[in-house]
Amino acid sequence: MKKIRLLFCIALLSAFFSAKLLAQSYKSESLYTYNYILPENYLPTDYYSYGVKIHLPETPVSIIVDGEKKASGSLLSYNAFFQEKNLIRMLVGTDDENNIQRDNVPTFLELGYSSRDVESVDHFIIDVTLKNLAYASEISESRGVETPFSYEIFYKYDIVYKLINSVSKEVIREKTFNVKEKMLGSGSFEGYKSSFKTKPEAVSYLTVNSDKNLIYNEMVGNIEKNMRTRLAWWLDVNYYQDTFFFYKISKEDKNPFFLKLNQDYEILEKWSKGKGEPIIDEALIAEYASFVEENKLNSKDNSSYFPDKKRLKNYHDYLAEKKVLTDFIVKMDHYAKQFDSNDKGQKAAMWACYMNISTSFMILNKYKSSLDYIQKARALDYQEKKVKYAEDEVIKKQKAANVFLDSNGEVKKDVNSKYFKYLSL
């Protein structure tokens, strides 16, 4: 009987300590917010206006079946449904921008657009070439059915962007996007089939029908929809919504700073979903004045640098976001100082604070500060895999900023001044 009681007590204590340990562990949560994403490259200095030229393929669409070219299909050309002026509008925007239900802005990085091929020293041409259009079909076989041979069709094309000096005709920058997308739409033409009894029958059908309804299909829609998007990710600054990991501690532990940590996380969560306003601790921010200055968290209203309405709204949203995250950062740092890293539960809470600070700095593109707090989290010897993942994410984003900097960390001399406002946010 005593042995049974002893075992029961051990089991009870084990359950208690397991619950206690769980209560002191962190919980990772994914929140979404916006941050500025710098492009893969930049416009050189002294260019302040631009034009656009678009070149359609000079050869017909290739029909490829199981890796072998079988025929040449239609030649892509402009018509009532596919117009050059609409493609240009997708790239640069127009006065009737509000009528376009797509993610465009009226100007390219607030530079001046001209529909004329102006030859002047401050002018360049965005030269766009579409080439190598193809439909590539892949046939598969399923046993045990009457028509075992089915297929998937992929459309493929290359889109080449060149920035050309309008006077010297020099190519300033060049980028090629190789596009391959699976066709999702179902057939709507007479004679459409989805499966066949024999493979030769499938090959014959695909050779003849792969490019039916070219002008209405997904390839043309993809060209139209993503022409600006690809150019923008290459050269333009985006204010982009993404998800980021934050951490909290179970509320079962009554440590008051655990509860404060969780409360601040929950306020941030509601704010990120547009369901609540954060409570800014101005006194604590003032107490952290030197910290705020050192980590470049102060904000100066540079609205005059953002004449485009959409970019101006993004900038104002960013200022509000920076204020919220600055408040969150100083609170997390304050709580971390209250914890003892020798206590397992408090160490987990300290780790959560450091990781939250690092994530907040990353959103604000303060990479050095973000990496500093990742090292603080790593020094706790806790959840290294999550620390490494976070570090990789910061370094990946930091590389984008490094495109603009020389070996001394200074902004390169040939960077267009329009980017400077984003490099000092």
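Predicted model: local features only at pLDDT ≥ 70, side-chain atom pairs only at ≥ 80, totals over all residues.
User: Which residue caps the N-terminal end of α5?

Analyst: Look for a side-chain atom that reaches a backbone nitrogen at the start of the helix. Here asparagine 255 is the cap: one of its side-chain oxygens lies 2.9 Å from the backbone nitrogen of phenylalanine 257. Beyond the other end, just after α5, glycine 274 has a positive phi of about 70°.

User: Which residues of α5 are buried, and what covers them?

Analyst: Burial is read from relative accessible area, with under 20% counted as buried. In α5 the buried residues are Phe258, Leu261, Asn262, Asp264, Tyr265, Leu268, Trp271 and Ser272. Their cover includes the strands β1 (26–37) and β10 (238–249), along with the helices α8 (309–336) and α9 (344–363). For the protein chain as a whole, 46% of the 425 residues are buried.

User: How many cavities of 30 Å³ or more does the structure hold, and what lines the largest cavity?

Analyst: A cavity is described by its volume and its lining. The structure has two cavities of 30 Å³ or more, and the largest cavity holds about 60 Å³ of space. Its lining consists of Asp264, Ile267, Leu268, Pro278, Ile279, Val324, Asp327, Phe328 and Lys331. Both α5 and α8 supply at least two of the lining residues, and α8 gives the largest share, with four.

User: In which sense do strands β3 and β4 pair, parallel or antiparallel?

Analyst: Read the bridges between the strands, then the residues that join them. Strand β3 (residues 62–65) pairs with strand β4 (residues 68–72) in the antiparallel sense, over four bridges. Valine 65 has glutamate 68 of β4 as its bridge partner. Two residues lie between the strands of this hairpin, and aspartate 66 takes a positive phi near 50°.

User: How many helices and strands are in the protein chain, and what share of its contacts is between residues 24 or more positions apart?

Analyst: The protein chain has 12 helices and 10 strands. Among contacts with a separation of 6 or more, 74% join residues 24 or more positions apart.

Note on methods
Residues numbered from 1 in each chain as written. Heavy atoms only, no water. Pairing = 2+ DSSP bridges. Buried < 20%, exposed > 50% of the residue type's maximum accessible area, 1.4 Å probe, protein only. Contact = heavy atoms within 4.5 Å. Polar contact = N/O pair within 3.5 Å; in protein donor to acceptor, adjacent residues only side chain to side chain. 1 Å grid on protein atoms, 1.4 Å probe; cavity = no way out; pocket = protein on both sides within 12 Å on 5 of 7 lines; lining within 4 Å. Points joined across faces, edges and corners; volume = space filled by probe spheres on them.
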